[in-house]
Each structure stands twice: as C-alpha cells, then as structure tokens.
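Visitor: I have a model open and want to learn how to read it. Where do we begin?
Guide: Let us take a look.

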Amino acid sequence: MQISSRFTLAVHIFACIDTFKDEYKVTSDFLAGSTNVNPVIIRKILSQLKAAGLVNVVRGSGGASISKPLNEITFLDIYNAVECVEHGELFHFHENPNTACPVGRNIHVILDDKLMRVQKAMENELASITLEDVKRDTEKYIGKEEKL
C-alpha cells in the first residue's frame with residue numbers, strides 16, 4: 001500500500017508558496033515548474049486545498065496564498081484535503097471474504113480493531129507535524145545550498 005503522491009505534492013506546493021510568496025506570483029504553472037508535474041494536476045490539488053480552507057487561489061494568473069498561519073496547518077489537514085480515503089478508512093477490505101471459511105467468516109473481527117489502531121497512530125503522527133516544521137527545514141536546506 002502506498003499513499004498517493006498528492007500528499008507530498010501538496011506539501012511541496014505549500015513549501016513553494018511560502019518560500020516564493022514575496023518574490024513571485026505563485027501560479028499553477030510556477031508550481032508545475034518546481035514539482036515537474038502537469039499544471040492541471042497542480043490545479044486539481046490547489047482546488048482540493050482551497051475547498052479545505054487551506055489556501056486562497058485567485059483565478060487566472062492571480063496566484064495562490066496560504067490561508068492560515070503555518071503552525072495551524074498539520075500534515076493531517078493536508079492529508080484529509082487531498083487523499084481519497086473512502087469513508088475515512090485507510091485500509092480497504094476485499095469485498096467478499098468466503099463466509100464458508102472460518103478465517104473468511106471472522107477476518108473482520110480479527111483485523112478491524114488492529115487496522116483502526118494503525119490508522120489512528122498514523123493520523124496522530126500526521127497531526128503532530130505542521131507546515132511550520134516544513135518551513136524550518138526548507139529554510140535550513142535552502143540556506144545550505146546558497147552557501148555552497
């Protein structure tokens with residue numbers, strides 16, 4: 001299982017908006033240049049982030065901005081905005097376990113609680129990381145590059 005690249009793209013988008021907001025109009029084309037991803041995909045992610053109240057986007061070439069302080073936006077907020085998790089469930093069960101089989105008949109009872117614990121642990125960790133943490137690291141590493 002792998003979380004789609006929409007999550008890491010969204011974090012990349014936030015890092016670019018914050019880093020370049022005072023120097024450039026941060027548009028989907030600008031973001032596409034940094035991410036090496038088609039601007040249509042960037043616009044889709046920006047639309048999801050906007051719907052979640054995390055960014056503001058001015059149509060046309062107006063650019064994007066972050067709508068809240070960075071320390072108020074967590075990785076969990078971003079994950080919830082861009083990931084397509086059905087019914088809030090990270091793990092998807094196969095549709096029709098064989099009820100004639102003792103394992104198939106009981107697999108939900110066996111796994112449901114364990115999978116919910118794993119999902120909750122992941123969500124708790126995502127909630128503990130903010131975009132302020134990303135900003136700190138971005139400034140640290142960009143600063144290193146400039147010194148080379």
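Visitor: By class, how many nonpolar, polar and charged residues does the lining of the second largest pocket have?
Guide: First, the ground rules. This is a predicted model, where local features need pLDDT of at least 70, side-chain atom pairs count only at pLDDT 80 or more, and totals for chains, interfaces and linings use all residues. Residues are numbered from 1 along each chain as its sequence is written, and side-chain values use heavy atoms, with hydrogens and water left out. Ala, Val, Leu, Ile, Met, Phe, Trp, Tyr, Cys and Pro count as nonpolar, Asp, Glu, Lys and Arg as charged, and the others, Gly among them, as polar. Here the lining has five nonpolar, five polar and three charged residues.

Visitor: Which residues lie nearest the centre of that pocket?
Guide: A pocket is an open set of points on a 1 Å grid over the protein atoms alone, where a 1.4 Å probe fits, with protein on both sides within 12 Å along at least five of seven lines; lining residues have an atom within 4 Å of a point. In the second largest pocket, R43, L46, V57, V58 and R59 lie nearest the centre, out of 13 lining residues.

Visitor: Which elements give two or more residues to the lining?
Guide: Helices (H or I, at least four residues) and strands (E, at least two) are DSSP runs, numbered from the N terminus. For the second largest pocket the elements are α3 (39–51), β1 (55–58) and β2 (63–66). The largest share, four residues, comes from α3.

Visitor: How many aromatic pairs does the structure hold?
Guide: Rings of Phe, Tyr and Trp (its six-membered ring) pair if their centres lie within 6.5 Å; planes under 30 degrees apart count as stacked, over 60 as edge-to-face and the rest as tilted. The structure holds five such pairs. One of them, F20 with F30, is edge-to-face, at 5.3 Å centre to centre and 70° between the planes. F20 lies in helix α1 (residues 6–20) and F30 in helix α2 (residues 28–35), so this pair ties together parts ten residues apart in sequence. Y24 and F30 have ring centres 5.2 Å apart and planes at 35°, so that pair is tilted. Elsewhere, ring pairs link F7, F75 and Y79 into a cluster.

Visitor: Is T74 buried or exposed?
Guide: Buried means under 20% relative accessible area, exposed over 50%, partly exposed in between (1.4 Å probe, protein chains only). T74 is buried, at 13%. By contrast, Y24 is partly exposed, at 45%.
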